[in-house]
Amino acid sequence: MQPKTKILLDEDQMPRQWYNILTDLPSPMDPPLHPGTHKPLVPDDLTPIFPMELIRQEMSDKRMIDIPEDVRDVLRLWRPSPLYRATRLEKHLKTPAKIYYKWEGVSPAGSHKPNTSVAQAYYNMKAGVERIATETGAGQWGSALAFATMLYGLDCTVYMVRSSYTQKPYRKSMMQVWGAECIPSPSTKTNSGKAVLAKDPDTPGSLGIAISEAVEDAATHANTNYALGSVLNHVCLHQTVIGLESREQLAMVDDYPDVVIGCVGGGSNFAGISFPFAGDKMTGKHPGVDIVGVEPASCPTLTKGLYTYDFGDVAGLTPLMKMFTLGHDFVPPSIHAGGLRYHGDSPIVSKLVHDGVMRAVSYHQSEVFEAAQTFARTEGIIVAPETSHAVKAAIDCALKCRETGEAKTILFNCSGHGNFDMSAYDAFYAGQLVDYEYPDALIKEALGRLPKV
Ligand SMILES: *Cc1c(COP(=O)(O)O)cnc(C)c1O
């Protein structure tokens, strides 16, 4: 019998609760620290920029957290998202492995990011906030937040990394349609931006710099809060709908993954697909599941960074978080997978990698575009350059199964479409992609400037 191509859940089977992995960790997290005093953070430290409900979720000891009905109502526009069996890719690779992908490109913004932007905009609206300031790398988060703030009647200011602002003008156009203001970063609107421009007027910008600008904007305006599209615990929490749905969908075809794969920028889509399975692993239900995060060799946070306390931004305004980091003033090269250019990583993902529950691999630009082309020519979907890292790891895993004869079940998160990233594909076909391995010496140097805790 032909296997099902699309494994679909009904709308009323969409998760009613998010999964909080903090309750299943074998040892507690190292707490975030106040940037000035280096003392463990208390909720009041965060109230100038986040609504209380999100602060509660950030530190919650509840295993399952209810998704508000008003949030589920919006998520229903595209959720539950489909799980696909990649039969054409399997055939092309001549692999005995089964490859499944969870397709998050069906959201209005085209990626997994609205899963959290909708929840964040909702809690800010409930708290009476009028405007949200944020940063965006490749533009996906900015467009996802613009979409969500519009639905709840909030204003939105987006600081967009300058290299992406010029490389990817259409994300900016989307933000305009949804009513947000988009400013190239570093800008002259903030002191953090001015300081960076004074040192280096031609800087391509970085997520770390843009975060400093957005946090400063929120902290200096009473009606304005800040929102982060990745890294933080509450963001990873909101993304767990991806893995929760995937587990249900695989159960519908009597399957469970041997390998779970996601690309890693700040870690949120990887957290989303993997946390429910990591929970199964840590609680002994499925101890053997292999969980793999994939990052670019040009920004090798998990594979070459240090597991230590660092700031989330360049200016040192954010709390210190224990995470894998390349140093908070690390400026990664302008690769096309802009959404993966971040010096740090989710503290939870970092801890799970450090503790051996998950592992990480890295790939170069040209080999991931090669994989994305194979995927597009078998499954049809043109994935985002970020997503192509997960595609590459899934293909490699399936090819290994061809050698060993193992019929593994591979699940990967297909985090978004690449319809606004065609200039990156053009560069690939023109042979203009440069494979850049960030030099160890520069990493060492940046790590030498870590805060002393
Ligand atoms: C933003 C983005 C990523 C990387 O961010 P994470 O927080 O690591 O998930 C990956 N894929 C797509 C399509 C994105 O938009």
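**Confidence.** I began with the predictor's confidence, since this is a predicted model: the protein chain has a mean pLDDT of 95, and 99% of its residues reach 70 or more. I then went through the elements of the chain and noted that strand E10, residues 259-263, has the highest mean pLDDT, at 99, whereas helix H19, residues 440-447, has the lowest, at 84.

**Ligand site.** Next I looked up where the ligand is placed, and found that the ligand sits in the largest cavity.

Which atoms of the protein come up to oxygen atoms of the ligand? For Lys113, I noted a polar side-chain atom at 2.6 Å from a ligand oxygen, and for Gln140 I noted a polar side-chain atom at 3.2 Å from an oxygen of the ligand.

**Backbone geometry.** I turned then to the peptide bonds, and wrote down that the bond from Arg79 to Pro80 is cis, with omega near -10°. I placed Pro80 in the loop that runs between helix H3 (69-75) and strand E4 (83-85). A cis peptide bond also joins Ser185 and Pro186, and for this bond I noted an omega of about 5°. Pro186 lies in the loop between strand E8 (181-185) and helix H9 (191-199), while Ser185 is the residue that ends strand E8 (181-185).

My last entry concerns Lys94, which has a positive phi of about 50° although this residue is not a glycine. I located Lys94 in the loop between helix H4 (87-93) and strand E5 (98-103).

Definitions and conventions. Residues numbered from 1 in each chain as written. Predicted model: local features only at pLDDT ≥ 70, side-chain atom pairs only at ≥ 80, totals over all residues. Heavy atoms only, no water. Polar contact = N/O pair within 3.5 Å; in protein donor to acceptor, adjacent residues only side chain to side chain. 1 Å grid on protein atoms, 1.4 Å probe; cavity = no way out; pocket = protein on both sides within 12 Å on 5 of 7 lines; lining within 4 Å. Sits in = over half its atoms within 2 Å of the grid points. pLDDT = per-residue confidence, 0-100. Helix = DSSP H or I, 4+ residues; strand = E, 2+ residues; numbered from the N terminus.
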